[in-house]
Amino acid sequence: MPKRVDHDERRHRIAEALWRLASSRGLDGTSLRDVAAEAGISLGQLQHYFSSKGEMLLFALEHINKLAEARVLERVVALPEEDRSPRRVLRESIAEMLPLNEESRTGNLVQIAYFVRAVHDERLRRHAREGIPALREFFAGQLRIAAQRGEIAAGRDTETEAMLLIALADGLTSYALLDVHSPGEALRLLDAHLDRLFTPDPH
């Protein structure tokens, strides 16, 4: 049992080494040898866990996504129960997706590196196609609750609005990374969109 846990820890260390390198030089500019050196292990030890770069990339992507999901959950759970409204849950979730600090900025740079590679890599592209529907359904679920509570207009298509929220997060992320918007401005624009969305029927 302790041996298995040690293997898991080493895989995570490899994934995080890849994450650090990819954020500064991209995925195509990162070799297995580079990752092994960054993780403090030999190339042979790395290949014991991952026989190819593609296999390592998939594991690292899943690891990064799990860390991001854990941060979102932690942020939402930290809210007092009386403040856990659909709007607040959506706001906190999307804020966690934005590059508002060094850690989230690095994570977003890695995600962009994956995006560029996934355009030509079916396995990475399939991973994205499988992940987005789950996020869309989570957002749509919060919007359905809001509609039932009369917090948004009853006629709104929650699936469409959920996808627009994801697109907004992606757009704000891109402009924040390019310093077109500051982190504060990105949050202001997010709040402006939520103000419009969370406008109930006038009747």
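This dialogue walks through the features of one predicted model.

Reader: What should I know before reading the numbers?

Author: This is a predicted model, in which local features need pLDDT of at least 70, side-chain atom pairs count only at pLDDT 80 or more, and totals for chains, interfaces and linings use all residues. Residues are numbered from 1 along each chain as its sequence is written, and side-chain values use heavy atoms, with hydrogens and water left out.

Reader: How many helices and strands does the protein have?

Author: Start with the rule. Helices (H or I, at least four residues) and strands (E, at least two) are DSSP runs, numbered from the N terminus. Here the protein has 9 helices and 0 strands. The pattern along the sequence is α-α-α-α-α-α-α-α-α. The C-alpha trace spans about 70 × 40 × 30 Å along its principal axes.

Reader: What share of the 203 residues is buried?

Author: Buried means under 20% relative accessible area, exposed means over 50%, and partly exposed lies in between (1.4 Å probe, protein chains only). In this protein, buried residues make up 38% of the 203.

Reader: And what does the accessible surface come to?

Author: Accessible areas come from the Shrake-Rupley method with a 1.4 Å probe; for residues, only the protein chains shown count as cover. The total is about 11,300 Å², and 54% of this belongs to carbon and sulfur atoms.

Reader: Which residues touch the most other members of the largest nonpolar core?

Author: The general idea first. In soluble globular proteins, nonpolar side chains tend to be buried together. A nonpolar core is a set of buried Ala, Val, Leu, Ile, Met, Phe, Trp, Tyr and Cys residues joined through side-chain atoms within 4.5 Å. The largest core here has 26 residues, and those touching the most other members are Ile 14, Leu 18, Leu 27, Val 35, Leu 46, Met 56 and Tyr 114. Two or more residues come from each of α1 (2-25), α2 (32-39), α3 (43-49), α4 (53-77) and α6 (102-118). Helix α1 gives the largest share, 7 residues. A second, separate core has 20 residues, including Leu 90, Ala 146, Leu 165 and Ile 166.

Reader: Which residues is Leu 18 in contact with?

Author: Contact means heavy atoms within 4.5 Å. Setting aside neighbours within four places in sequence, Leu 18 contacts Leu 27, Thr 30, Val 35, Met 56, Leu 57, Ala 60 and Tyr 114. Across the protein, take contacts between residues at least 6 apart in sequence: 67% of them join residues at least 24 apart.

Reader: Is Thr 173 buried or exposed?

Author: Thr 173, in helix α8, is buried at 8% relative accessibility. Beyond neighbours within four places in sequence, Thr 173 contacts Met 97, Leu 98, Pro 99 and Asn 108.

Reader: How many aromatic pairs are there?

Author: Rings of Phe, Tyr and Trp (its six-membered ring) pair if their centres lie within 6.5 Å; planes under 30 degrees apart count as stacked, over 60 as edge-to-face and the rest as tilted. The structure holds 2 such pairs. Phe 50 and Phe 59 are tilted, at 5.3 Å centre to centre and 45° between the planes. Phe 50 is buried at 3%, whereas Phe 59 is partly exposed at 21%. Phe 138 and Phe 139 have centres 5.9 Å apart and planes at 45°, so this pair is tilted. Phe 138 is partly exposed at 34%; Phe 139 is buried at 1%.

Reader: How many salt bridges does the count come to?

Author: A salt bridge is a side-chain nitrogen of Lys or Arg within 4 Å of a carboxyl oxygen of Asp or Glu. The count is 16. Glu 92 and Arg 88 meet in one, at 3.3 Å from N to O. Both lie in helix α5 (residues 86-97), 4 residues apart, about one turn of the helix. Glu 92 is buried at 9%, while Arg 88 is partly exposed at 32%. A network of salt bridges links Arg 71, Arg 75, Arg 88, Glu 92 and Glu 96. Elsewhere, Glu 122 pairs with Arg 125, with the closest N and O atoms 2.7 Å apart.

Reader: Where does Asp 179 lie?

Author: Most residues other than glycine have a negative phi. Phi of Asp 179 is near 65°, a positive value. Asp 179 lies in the loop between α8 (158-177) and α9 (183-197), and is exposed at 61% relative accessibility.
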